Amino acid sequence: MRVLIGCFYQESTTFNPFLMEKGDFVFSEGIDSKYRSPATKIFEDRGVEVIPTIYATANSGGRLSLDAYTFFAEKIISVLRKEDKIDGVWLHLHGATEVEGLGSGEIALLKEIREIIGDDIPVSLTLDLHGNIDEEIIYLANIIRSYRTVPHTDQQETEEITANTLIDCIKSKNLITPIYKRIPIIVPGEKGTGKTEPMKSILKKLWEIDEREGILITNFFNGHAWTDAPHTSASVVIIPKSDKYRKLAKEAATELATFIFNLRNEFKFPNITLEPLESIKKAIDSDVKPVFISDSGDNTTGGAPGINTVLLRILTQLDLKSKRVLVASIFDERTYMSLKEHDIGEYVTCHIGVNYNEDSAPVLIKGRVKANGDLLGFYTSKDDVVGKVITIASNNIDIVIGNLGYSFTTINHFISAGLDIHSYDVIIVKQGYLFDELSEIAELEIMALSPGATYQILEKLDFKYLRRPMYPLDSI
């Protein structure tokens, strides 16, 4: 038995005006990519020959450029063309990759694959819960399984499930057609964390439906709210154990979609949510430490560029009451390049902010170079070095400037930057919901309703391409 595998993962936010390019990815190919995926061990332990293609994963960002998509897709397709015989295809994709001038990157890639392998070879997909799933996917893939945690901590488990299920499908010669049901709602991920309602109940129901007769895998896709595209929405995808159970699967899909739609008004922000100025004032006045503030409108884990200086500007205008504050981090390659010429301890004057728009207007900072270090990646690449950072200490504020727009999502991100996370009273990060490792040490979590590409108040964004009606933009 021979299975072709690959990972091509990127989440697109169309309100981010900057295209994602090939150089934004952590990338390896061939044998170097083979063991980046936990699925490889599953296949090899069960006697399957693995044919590796690529491991390409990037932080969330703007649309993927057509050149970048073509480069990575062709890497997969070229390996496929060379193989005389394969029994299955296993891929880890995102589900919300939007390609410049092309639309859904997942659909485009799967169509190319099907043109080569035909309809008789099973395709198995691992997808992000925040995927915007086009109905076409059920004609292009047989096995689909999304993550069931938010933040996503079950990527390895999901890969292992889709690998084992593909092997079983090949052995039984059981080509399954999934069932799809669209749900006309878009919800920011910050209103749908796994530990809070109604997401907690929704995820529990997936496990319950999995136990029913004829049901193999139950999926809920929350969608990625900041992708302005016709296929953006929540959805349900159910995989029956065989086509014999399609009727039962359709009934379950309708039941689950109705259950979720009826909960649409229950999606709320789980933590303290304030306007930018109020969020910083509350953090400074707090008697506990550390207090984390999420710069939610410029959330790089959700696809914003990470360039905004709104919160930094407010900080410089307030009495911080001797509190030590860290801003981690702001993407400003030009300022980073100028600062890298200075030694640790050297005093500098610089403007931080790329001045793309009002939200990223430069802020004059005078201080000393405190630290420099590595910028780490995201999720499966959280231990990969993707860029560099320099920290400037200005009075009670430390500002991290990066040559890329990535978020500090783990304690190791701070360590790699040369910083002691425990030395700060207030820490500002470019996130929406706070990632688990940081949430565990936070004494207080505040989400700032800051402006930007991932602005949380969806009704105020200029959507042009969504299929309407759509909650919460419309009354349905």
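Everything here comes from a predicted model, so read the values as computed ones.

Let's start with an open sheet of three strands, ordered 9-11-10 and paired in the antiparallel sense. Strand 9 (179–183) and strand 10 (215–221) are the edge strands, each with a single partner, so one side of each has no neighbour in the sheet. On average, neighbouring strands here are turned by 10 degrees against each other, if you ignore direction. If you'd like a specific pairing to look at, take strand 10 and strand 11 (residues 234–240): they're antiparallel and joined over six bridges. Within that pairing, F220 has V236 in strand 11 as its bridge partner.

**Two helices on the sheet**

Helix 6 lies across strand 10 and strand 11, and runs at about 165 degrees to strand 10. Helix 7 also packs on the sheet, where it touches strand 9, strand 10 and strand 11. The direction of helix 7 makes about 15 degrees with that of strand 9.

How do helix 6 and helix 7 run relative to each other, roughly parallel or roughly antiparallel? The axes of helix 6 (residues 199–210) and helix 7 (residues 246–261) come within 11 Å and cross at roughly 170 degrees. Angles over 145 degrees count as roughly antiparallel, and therefore that's the label for this pair of helices.

As for who meets whom, helix 6 brings S201, I202, K205, L206 and I209, while helix 7 brings A252, E255, L256, F259 and I260. Sorted by type, the residues of this contact come out as seven nonpolar, one polar and two charged.

Elsewhere, strand 7 (residues 123–127) and strand 8 run parallel, with four bridges joining them.

**Single residues and cysteines**

| Residue | Relative accessible area | Class |
|---|---|---|
| C7 | 6% | buried |
| C169 | 4% | buried |
| P305 | 13% | buried |
| L274 | 23% | partly exposed |

How many disulfides does the structure hold? The count is zero.

Where does P305 sit? Look in the loop between strand 13 (291–295) and helix 9 (310–315). Setting aside neighbours within four places in sequence, P305 is in contact with N16, F18, D298, T300, F331, G405 and A453.

L274 belongs to strand 12 (residues 272–274). Why does L274 count as partly exposed? Buried means under 20% and exposed means over 50%, so at 23% relative accessibility L274 lands in the class between them. Not counting residues up to four places away in sequence, L274 touches S279, K282, I446, M447, A448 and L449. The C-alpha atoms of L274 and K204 are separated by 30 Å, and the two residues are 70 apart along the chain.

How values were computed
Residues numbered from 1 in each chain as written. Predicted model: local features only at pLDDT ≥ 70, side-chain atom pairs only at ≥ 80, totals over all residues. Heavy atoms only, no water. Disulfide = S-S within 2.5 Å. Buried < 20%, exposed > 50% of the residue type's maximum accessible area, 1.4 Å probe, protein only. Axes fitted to C-alpha atoms, helices over the stretch in contact; angles between N-to-C directions. Parallel < 35°, antiparallel > 145°, perpendicular 65-115°, else oblique. Contact = heavy atoms within 4.5 Å. Nonpolar A, V, L, I, M, F, W, Y, C, P; charged D, E, K, R; others polar. Pairing = 2+ DSSP bridges.
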